[in-house]
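Work through the exercises below with the sequence and the model open beside you. Try each task before reading its solution.

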Amino acid sequence: MGLDVLIVDDSAAIRKILHRVLIQTDIPLGTVLEAGDGVEAIERLKRSKVDLVLSDINMPNMDGIQLLTHIRENPNWKSIPVVMITTEGSQQKVLEAVDLGAAGYVRKPFTADQIKEKLAGLV
Amino acid sequence: MTTEEMQQLVETTIKRTVENVCETMLGCAAEVGETRLMGHPLQESDGVVALIGMAGPWIGTGALTCKPDLACRLAELFLLTPYEKVNDEVLDAVSELGNMVIGNLKVVIEEHVGPMGLSTPTTIYGASFTTKIGGSNEWILIPVKVCDGEMLVQVCILPNPDEGRMHQRLDMVGHMITRS
């Protein structure tokens with residue numbers, strides 16, 4: 001059984017890059033789901049099994065911090081590791097995400113190795 | 001922080017960030033040209049423009065502009081997929097590159113002036129169009145040679161006048177509370 005991953009970013013380009021990076025890792029993958037914002041991500045979480053979430057912070061409708069809050073408040077999802085991948089590198093946002101229980105943080109621009117390294121520590 | 005100090009910070013940060021983004025996400029070197037200051041907003045364009053707003057103690061706009069063929073080339077390097085013409089994926093790639101450049105600028109500015117917000121990018125594509133942003137403030141123009149083409153990073157940023165008024169109002173409220 002592979003790892004089911006949900007990629008959340010309003011940029012289709014970033015979703016595509018992250019999907020490609022995931023395939024390049026040694027991590028056995030199951031389904032890779034995508035969502036364009038936090039609202040879509042919640043819908044995906046309701047309907048599918050997800051083992052890991054990679055999420056942007058700055059998104060329309062529902063941002064990554066709000067999504068992380070929803071995930072941590074839901075008993076069925078609260079143990080899912082959430083890695084924030086974003087240009088929002090400010091100390092305030094980092095602390096906010098860490099306080100809410102983000103499993104890690106990668107700043108854009110990122111290399112494939114940075115993503116692989118971050119995931120290796122989680123999986 | 002004075003406007004001149006902010007312009008210097010923008011110039012240094014954009015140079016470093018553009019080089020980093022091109023090397024990391026596109027796998028190619030970027031040659032940043034000489035910065036110019038221009039007294040009026042974005043001129044007539046022909047191609048793709050990604051616009052990103054910044055707001056907080058300072059307020060402004062950042063833009064990344066390039067011709068359609070360069071936009072396709074950048075998207076190809078970004079997404080490892082060839083593009084012959086500008087489509088949704090090309091616009092999205094340019095938008096994300098702009099977001100990374102201006103997003104990283106915003107993070108550096110925050111270290112000097114306090115928390116700032118960033119808008120989601122707006123991307124425009126067309127031929128012979130003019131984009132005008134309100135006001136007639138000075139723009140910082142930074143040309144960047146990349147992939148045998150040239151893109152332009154443009155930033156306009158000024159102290160937020162409402163921020164001062166808000167602090168004044170808060171001071172007044174504080175004063176009134178103290179007096180009562």
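**Exercise 1. Which strands of chain A does helix α5 lie across, and at about what angle does α5 run to β5(A)?**

Solution. Bear in mind from the start that this is a predicted model. Begin by finding helix α5 of chain A, which covers residues 112-120.

**Exercise 2. Work out the order of the strands in the open sheet of chain A, and describe how they pair.**

Solution. Reading across the sheet, the five strands come in the order β2-β1-β3-β4-β5, and their pairing is parallel. The edges are formed by β2 (29-35) and β5 (104-107) of chain A, each of which pairs on one side only. Neighbouring strands are turned against each other by 20° on average, if direction is ignored. For a closer look at one pair, take β4(A) and β5(A), which are joined in the parallel sense over four bridges; in this pairing, A:Met84 has A:Tyr105 of β5(A) as its bridge partner. Helix α3 of chain A (residues 64-73) also packs on the sheet, where it touches β1 (3-8), β3 (52-55) and β4 of chain A, and its direction makes about 175° with that of β4(A).

**Exercise 3. Determine which residues of α1(A) are buried, and compare the reach of the helix with the expected value.**

Solution. Helix α1 of chain A spans residues 12-24, and its 13 residues reach 19 Å from the first C-alpha to the last, which is close to the 18 Å expected. Its buried residues are A:Ala13, A:Ile14, A:Arg15, A:Ile17, A:Leu18, A:Val21 and A:Leu22. When you look at their spacing, recall that an α-helix has 3.6 residues a turn, so residues three or four places apart point the same way.

**Exercise 4. Decide whether A:Lys108 is buried or exposed, and trace the polar contacts of its side chain.**

Solution. First locate A:Lys108 in the loop between β5 and α5 of chain A. Its relative accessibility is 1%, and therefore A:Lys108 counts as buried, since the cut-off is under 20%. Next follow the side chain of A:Lys108, which makes a polar contact of 3.0 Å with the side chain of A:Asp9 and another, of 3.2 Å, with the side chain of B:Glu96. Finally, examine the peptide bond from A:Lys108 to A:Pro109, which is cis, with omega near 0°. For comparison, most peptide bonds are trans.

**Exercise 5. Find how much area chain A and chain B bury between them, and which three residues of chain A supply 30% of its share.**

Solution. The two chains bury about 1,800 Å² between them, and 54% of this lies on carbon and sulfur atoms. The contact draws on 21 residues from chain A and 24 residues from chain B. Beyond its neighbours within four places in sequence, A:Thr87 is in contact with residues including A:Lys108, B:Asn99, B:Met100 and B:Leu118.

Notes. Residues are numbered from 1 along each chain as its sequence is written. Chains are lettered from A and ligands numbered from 1 in the order in which they are written. This is a predicted model: local features need pLDDT of at least 70, side-chain atom pairs count only at pLDDT 80 or more; totals for chains, interfaces and linings use all residues. Side-chain values use heavy atoms; hydrogens and water are left out. Helices (H or I, at least four residues) and strands (E, at least two) are DSSP runs, numbered from the N terminus. The expected span of a helix is 1.5 Å times one less than its number of residues. Buried means under 20% relative accessible area, exposed over 50%, partly exposed in between (1.4 Å probe, protein chains only). Contact means heavy atoms within 4.5 Å. Two strands pair if DSSP finds at least two bridges between them. Axes are lines fitted to C-alpha atoms, for helices over the stretch in contact, and angles run from 0 to 180 degrees between N-to-C directions. A polar contact is a pair of N or O atoms within 3.5 Å; within protein, one must be able to donate a hydrogen and the other to accept it, and residues adjacent in sequence count only if both atoms are side-chain atoms. Buried area is the accessible area (1.4 Å probe) that two parts lose on being put together, summed over both.
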